[in-house]
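Trainee: I would like to go through this model with you, beginning with the ligand site. Could we look at it together?

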Amino acid sequence: MAADSLFRPFTHKSLTLKNRIVMAPMTRSFSPSGVPTSDVAAYYRRRAEGDVGLILSEGTVVNRPSAKNDPNVPNFHGEQALTGWKRVIDEVHAAGGKMGPQLWHVGSARNPMANWVAPPPVDAPSGLSSPGKRFTEPMTDEAIADTIAAFGKAAGEAKRLGFDVVEIHGAHGYLVDQFFWAGTNERTDAFGGATLAERSRFAAEVVKSIRAAVGKDMVVILRLSQWKQQDFTFKLAKTPEEMESWLTPLVEAGTDILHCSQRRFWEPEFEGSELNFAGWAKKLTGKPTITVGSVGLSGEFTAAFRGESSKPASLDNLLRRLEREEFDLVAVGRALLADPQWVRKVREDRHDELQDFHKEALARLA
Ligand SMILES: Cc1cc2nc3c(=O)[nH]c(=O)nc-3n(C[C@H](O)[C@H](O)[C@H](O)COP(=O)(O)O)c2cc1C
């Protein structure tokens with residue numbers, strides 16, 4: 001099937017993209033003491049040179065003591081780190097690309113691989129790292145207010161440095177998602193509650209804080225997932241009605257684009273319809289959405305961490321959905337991590353040049 005639908009321009013507010021392909025945010029941990037190096041800038045520049053429509057950075061953390069779970073994850077605060085990010089965006093722009101940072105706070109999700117513990121206090125809505133598993137004290141009101149402000153501050157810096165968009169990491173069981181999830185949010189104040197709509201309050205406040213910092217024209221993307229790293233099969237919203245009650249306050253708060261993270265994009269979200277998460281999110285909110293999950297590869301990404309390799313796979317199912325406008329943009333993770341030329345190869349029909357994905361690719365900035 002011709003890939004034309006992937007190569008139509010996209011415009012929303014102040015953002016215009018030359019095609020529909022987004023580089024998915026991928027933690028690389030190549031920024032010693034949180035400062036992105038010239039190698040990091042060159043890594044992103046290569047994706048811009050390779051015609052990626054929109055580059056989302058790896059998760060980069062806001063200014064809270066325990067926002068990261070690995071010392072080599074980049075900061076999005078402090079003069080040195082921001083100088084590193086300025087070089088990144090300048091190089092991406094020089095190569096004709098567009099980019100935004102993915103603003104991140106890991107909450108109580110620690111990284112067993114990093115063998116490193118962040119300084120306290122650890123921020124988690126109810127001090128839980130997964131349902132029933134106490135890790136620390138619940139966040140104080142002051143910590144919540146400071147965290148919301150830290151997201152806004154980071155977004156303001158992104159605008160000042162010249163980034164084109166900002167994305168909030170609200171997925172995968174990290175801090176923002178820990179507020180959505182009843183299993184990790186047992187609060188009884190305004191940031192908790194029995195309904196998903198009530199538990200969306202923290203994320204909505206983060207979006208508002210970011211919107212206030214960047215103004216009305218800069219595109220704000222919110223990444224969400226039903227699944228959690230603590231439970232791959234979990235669904236926050238079990239029905240379309242519940243999904244609508246989750247997403248509506250987030251859109252009303254100022255989200256422009258919903259980035260709907262699935263491990264396999266073709267999996268239907270609810271019984272009785274083929275629509276995936278991005279399909280439902282677009283239908284329910286009317287907002288543009290990004291799909292993601294095993295685009296162009298045979299196996300999903302968490303298996304890659306366990307050492308499983310993947311082979312190039314057909315894009316036909318994806319292209320049919322994009323043609324039907326079920327979603328607007330398509331994020332690609334591992335295929336672009338391994339191969340900065342992936343977009344060109346797809347556009348020029350050079351399918352025999354597409355590469356397998358092996359976990360060795362995670363060890364270097366290709
Ligand atoms: C090495 C690696 C690091 C990742 N880090 C992040 C991250 O920082 N933030 C995030 O939202 N998702 C992260 N993800 C998930 C990806 O953004 C993407 O959703 C996932 O890889 C599925 O896309 P793919 O099948 O095209 O690889 C990561 C994935 C990989 C492979």
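This is a predicted model: local features need pLDDT of at least 70, side-chain atom pairs count only at pLDDT 80 or more; totals for chains, interfaces and linings use all residues.

Trainee: How far is the polar side-chain atom of threonine 27 from an oxygen atom of the ligand?

Mentor: The separation is 2.6 Å, so the pair falls within the 3.5 Å limit for a polar contact. A polar side-chain atom of arginine 334 is also placed 2.7 Å from a ligand oxygen atom. For glycine 59 a polar backbone atom is involved, at 3.3 Å from an oxygen atom of the ligand.

Trainee: And how much of the ligand's accessible area does the protein cover?

Mentor: On its own the ligand has 600 Å² of accessible area, and the protein covers 96% of that. The ligand takes up the space of the largest pocket.

Trainee: Which residues come nearest to the ligand?

Mentor: There are 18 residues around it, and Pro25, Thr27, Arg223, Ser294 and Arg334 come nearest.

Trainee: Changing topic, what does UniProt place at residues 5–353?

Mentor: An unreviewed UniProt entry gives the domain "NADH:flavin oxidoreductase/NADH oxidase N-terminal" there. Over residues 5–353 the chain is 34% helix and 15% strand, with the end C-alpha atoms 21 Å apart.

Trainee: Where is there a cis peptide bond?

Mentor: Proline 120 and proline 121 are joined by one, with omega about 0 degrees. Proline 121 belongs to the loop between strand S5 (99–104) and strand S6 (128–130).

Trainee: What about the backbone at lysine 13?

Mentor: Lysine 13 has a positive phi, near 50 degrees, and lies in the loop between strands S1 (10–12) and S2 (15–17). Most residues other than glycine have a negative phi, and most peptide bonds are trans.

How values were computed: Residues are numbered from 1 along each chain as its sequence is written. Side-chain values use heavy atoms; hydrogens and water are left out. UniProt positions are given in the numbering used here, feature names are shortened, and annotations may be inferred rather than shown by experiment. Helices (H or I, at least four residues) and strands (E, at least two) are DSSP runs, numbered from the N terminus. A residue is near a molecule or strand if one of its heavy atoms lies within 4 Å of it. A polar contact is a pair of N or O atoms within 3.5 Å; within protein, one must be able to donate a hydrogen and the other to accept it, and residues adjacent in sequence count only if both atoms are side-chain atoms. Accessible areas come from the Shrake-Rupley method with a 1.4 Å probe; for residues, only the protein chains shown count as cover. On a 1 Å grid over the protein atoms alone, a cavity is a set of points where a 1.4 Å probe fits but cannot get out, and a pocket is an open set with protein on both sides within 12 Å along at least five of seven lines; lining residues have an atom within 4 Å of a point. A molecule sits in a cavity or pocket if more than half of its atoms lie within 2 Å of its grid points.
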